[in-house]
Amino acid sequence: MSARAGTVLSTRGVHVELGGRQILMDVDLTVHPGEVVALLGANGSGKSTLVRAALGVVPVSRGEVHLFDSPLSAAPWHRVGYVPQRVPAVSGVPTTACEVVRAGLLSGRRLRPGTKAQALAALDAMGMAHLARRPVQEMSGGQQQRVLIARALVREPDLLVLDEPTTGIDLGTIETFVATIDRMRRAGTAVVVVLHETEAFAALLDRAVVLRHGRVVHDGPPPPARAEHAGPQHEHTHPHPEPAEPEGPLTLDIVGGDA
Amino acid sequence: MIELLSSPLMQRALIAAVLVGAAGPVIGTFLVQRRLALLGDGIGHIALTGVAAGWLVGAVVGLTPPDALALPGAMVVAVLGAVGIEWVRAKGRITGDVAMAILFYGGIAGGVLIIKIAGGTSANLMSYLFGSIATVSTNDVVWTAVLAGVVLAVGLGLRGALFAVSHDEEFARASGLPVGFLTSILAALAALTVTVAMRVVGLLLVSALMIVPVATAQVVARSFTRTMALASAIGAGVSVVGLVITYWYDLPPGAVIVVLAIVLYGVTTVVQHRRRRPDPTIDPHPDLADDVRVVQET
């Protein structure tokens with residue numbers, strides 16, 4: 001997990017067009033080793049498209065993407081871990097958590113999966129080692145998400161990209177997960193995380209990049225993790241005015257009660 | 001039984017059946033995982049165009065019999081068609097089901113048209129549509145063994161990477177895996193499997209031998225690896241049993257093999273459903289105190 005000097009992820013003037021529609025326009029993003037960057041924005045603002053473009057999942061129509069100072073065609077993929085937004089774990093063929101996580105060690109030209117011991121260690125970090133032999137089809141949505149996180153962690157990546165990783169996960173597991181991310185960050189791993197609300201990751205965030213209609217509208221200190229940021233339609237344009245303190249004693253209106 | 005095994009025809013047919021039955025479900029497992037269970041059907045249809053094209057070339061060159069190039073023709077056209085359709089699908093030009101519909105219609109129409117141009121009739125295609133294991137020659141067995149060997153070696157050798165692509169294509173791309181190359185390999189393997197199985201079960205039923213054993217195996221298996229292994233064993237088993245049945249009874253081998261596979265699927269599903277049904281007399285939480293008391297009315 002040795003982080004090297006230079007940038008971990010760099011996009012310059014990236015445009016992405018999907019289905020004839022401009023999703024991203026002129027997006028610049030730079031992530032350094034050990035940095036934890038949140039991508040924020042309302043639904044449809046382009047957060048997920050940005051991480052997918054950065055990892056070569058969707059094509060870039062204009063601009064440049066570099067991973068570890070290399071173009072995507074020559075990127076050191078074994079140093080990148082990715083947790084996609086959706087949960088694709090449910091398929092027709094029964095597949096154990098161990099099999100899913102072992103596939104996480106495939107990268108670039110390495111076409112052999114990892115060992116069971118490596119998979120078990122990654123599952124253990126997510127509190128899932130005891131379910132290693134259970135088919136993911138029999139797991140809850142939250143458990144499936146933890147398997148996908150373990151699949152990214154098994155690579156011991158220098159860049160970890162997470163697209164809404166805590167969706168459907170219980171609070172205790174989120175705390176364990178955040179502690180794991182913190183350990184990785186201290187060891188030099190850079191983390192890019194797409195979030196709707198920053199509360200769980202607030203202590204780790206170095207920076208927030210806010211997207212609006214496919215453009216970066218803020219790249220700087222993360223916003224306060226307050227309720228006003230929690231809604232999926234929140235635009236996250238900054239700076240926010242601090243909410244005014246209520247004057248006088250709080251009152252409670254009872255609605256619908258008998259007079 | 002000794003009489004059956006001493007027959008050179010049955011020896012060749014059994015070797016072909018075991019190879020086809022074992023190789024088909026290996027590729028079928030990946031196709032089911034990718035939700036492309038009907039891809040084999042589409043390839044089977046387009047392989048018919050290849051059979052007719054091989055026939056046409058054979059007729060033009062003056063080969064005897066005129067269908068001497070039917071198998072190579074089917075193989076080339078099936079591989080080109082499968083890889084081409086995968087490429088078009090990956091580019092997002094059309095969806096997977098539309099791509100397969102085009103394979104279905106274009107394959108049959110092309111086959112009937114070309115066989116007519118070659119001087120044959122649609123009836124000449126019947127043995128390829130429904131299989132003709134009784135006419136399997138030593139040369140056919142060698143072809144079958146080589147192609148099945150390639151399918152098994154590549155399919156099992158690249159199992160990890162093909163699993164990754166089949167399970168989660170987005171993650172595979174974000175891992176830098178050569179997704180386009182791997183999906184093309186899988187499409188080509190499916191095409192080879194169809195070609196291999198053509199003489200045993202016929203082009204119309206070939207997909208069943210790739211998919212139904214997988215459907216049966218996934219009822220009882222709890223991992224991808226075991227599903228693939230069990231499906232392969234089931235495929236080989238029903239192929240041999242089906243063939244043996246047709247030795248004693250005058251029935252079409254391809255249809256018997258597929259019906260056997262489907263019956264086995266039905267029986268397995270019913271038995272497994274009964275086994276997994278919870279026993280109402282067993283307390284699911286023996287460590288917890290009962291908070292509901294059931295009083296039986298008299």
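Here are some questions and answers on salt bridges.

This is a predicted model, where local features need pLDDT of at least 70, side-chain atom pairs count only at pLDDT 80 or more, and totals for chains, interfaces and linings use all residues. Residues are numbered from 1 along each chain as its sequence is written, chains are lettered from A and ligands numbered from 1 in the order in which they are written, and side-chain values use heavy atoms, leaving out hydrogens and water.

Q: How many salt bridges does the structure hold over all chains?
A: A salt bridge here puts a side-chain nitrogen of Lys or Arg within 4 Å of a carboxyl oxygen of Asp or Glu. Over all chains, the count comes to 11.

Q: Which residue forms a salt bridge with R222(B)?
A: The closest N and O atoms of this pair are 2.8 Å apart. R222(B) sits in the loop between α11 and α12 of chain B and its partner in the loop between α3 and α4 of chain A, so the pair joins two chains (helices are DSSP runs of H or I, at least four residues; strands are runs of E, at least two; both are numbered from the N terminus). The partner is E138(A).

Q: Is D182(A) buried or exposed?
A: D182(A) pairs with R186(A), closest N and O atoms 3.2 Å apart, and the two are four residues apart in helix α5 of chain A. Buried means under 20% relative accessible area, exposed over 50%, partly exposed in between (1.4 Å probe, protein chains only). R186(A) is exposed at 65%. At 18%, D182(A) counts as buried.
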